[in-house]
Amino acid sequence: MSDGEFLLSPNSLWTRTLEQTQFALDCGALEPIPTEFEYLQQGEIRFLVRILANIDRKAKAKAAETRQTQETGKPFNPFLPYDKNLFVANLSASHVCLLNKFNVVDHHLLMVTREFEHQNTWLTVADFAALQIGLREIDGLGFYNGGTEAGASQPHKHLQLVPLPLMPDGDRLPIEGAIAQTEYVGTGLDKIGRSPEFPFNHAIAPISLNRSPEELQQQYYRLLNAVGLIEGTPKTETQTGAYNLLATRDWLMVVRRTQEGCAGISLNALGFAGALLVRNLEQLEQLKTLTPLALLANVAPVEG
């Protein structure tokens, strides 16, 4: 391991996040993307819609990555090597925690594999161990964008974590009420359900962070089965379709994806948490006409 070789000390991730955020801002390594926001109420869900105020910074960085790829003949990978100014902590022997360089949400963390693993491979026990550490340390929303059609922008495997509350006015999560209405079947680790508030292809399972990473992975497999991505356990290392995983200290949700966006609006896992992002006021008006739930249903339609 690099960056001091030491694994994260218990109950220190939040302090390290605050310290490194200030350092990265001061040295210019962290480049937050400013947004304005608006709430859109639909049914029981009050969606948080962020409107980008300036996308030039990230666009210029993407152009620089493209030029580097063309010059070297190798795909650009921001995680190999990673920017040491964004380093937060060594989570485990397999995962490092970094700040998200172009963050929209404050204190947005990335849990990245040290060695290259592809973002379109199934999550491993080591991935769930890293996610478990993050959620134990920070009461937040963990998520994973499984494939480009699920909103993944980098091919190097990385899970993500944003602290709660997610809403600027202090509400924890837009979909919390909808999750509470989940109708479960089964018992124990076989307990799987769906929320009547969600018109998209999803499955939800209650979890406890006292469970082992192996047990969390088994819950994940059950959710993948429930949305039709696998039968039993995965037969290949590469995933059979795109999906988003969302996780809190209390539940896991998998959403099966068929497309990356709709009406020009791109979506990753945060969209299914009720936090949407539009590029400008014109897209905001498009979203109001389409409605947030229709947008989600379009990119993750229920089969049959």
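View 1. Helices (H or I, at least four residues) and strands (E, at least two) are DSSP runs, numbered from the N terminus. The axes are lines fitted to C-alpha atoms, for helices over the stretch in contact (heavy atoms within 4.5 Å), and angles run from 0 to 180 degrees between N-to-C directions.

**View 2. Here is the open sheet of three strands, in the order β1-β2-β15.** Its pairing is mixed, where two strands pair if DSSP finds at least two bridges between them. The edge strands, β1 (35–42) and β15 (275–278), each pair on one side only. From one strand to the next, the twist averages 25°.

**View 3. A closer look at β1 and β2 shows an antiparallel pair.** Strand β2 spans residues 45–52, and eight bridges join β1 to β2. One to look for: Thr35 has Leu52 in β2 as its bridge partner.

**View 4. Phe128, Leu131, Gln132 and Leu135 are among the residues lining the largest cavity.** Helix α3 (residues 125–137) gives the largest share of this lining, four residues. Also in the lining are Ile207, Leu209, Leu216, Ala247 and Leu252.

**Notes.** Residues are numbered from 1 along each chain as its sequence is written, and side-chain values use heavy atoms, with hydrogens and water left out. In this predicted model, local features need pLDDT of at least 70 and side-chain atom pairs count only at pLDDT 80 or more, while totals for chains, interfaces and linings use all residues.

Notes. On a 1 Å grid over the protein atoms alone, a cavity is a set of points where a 1.4 Å probe fits but cannot get out, and a pocket is an open set with protein on both sides within 12 Å along at least five of seven lines; lining residues have an atom within 4 Å of a point.
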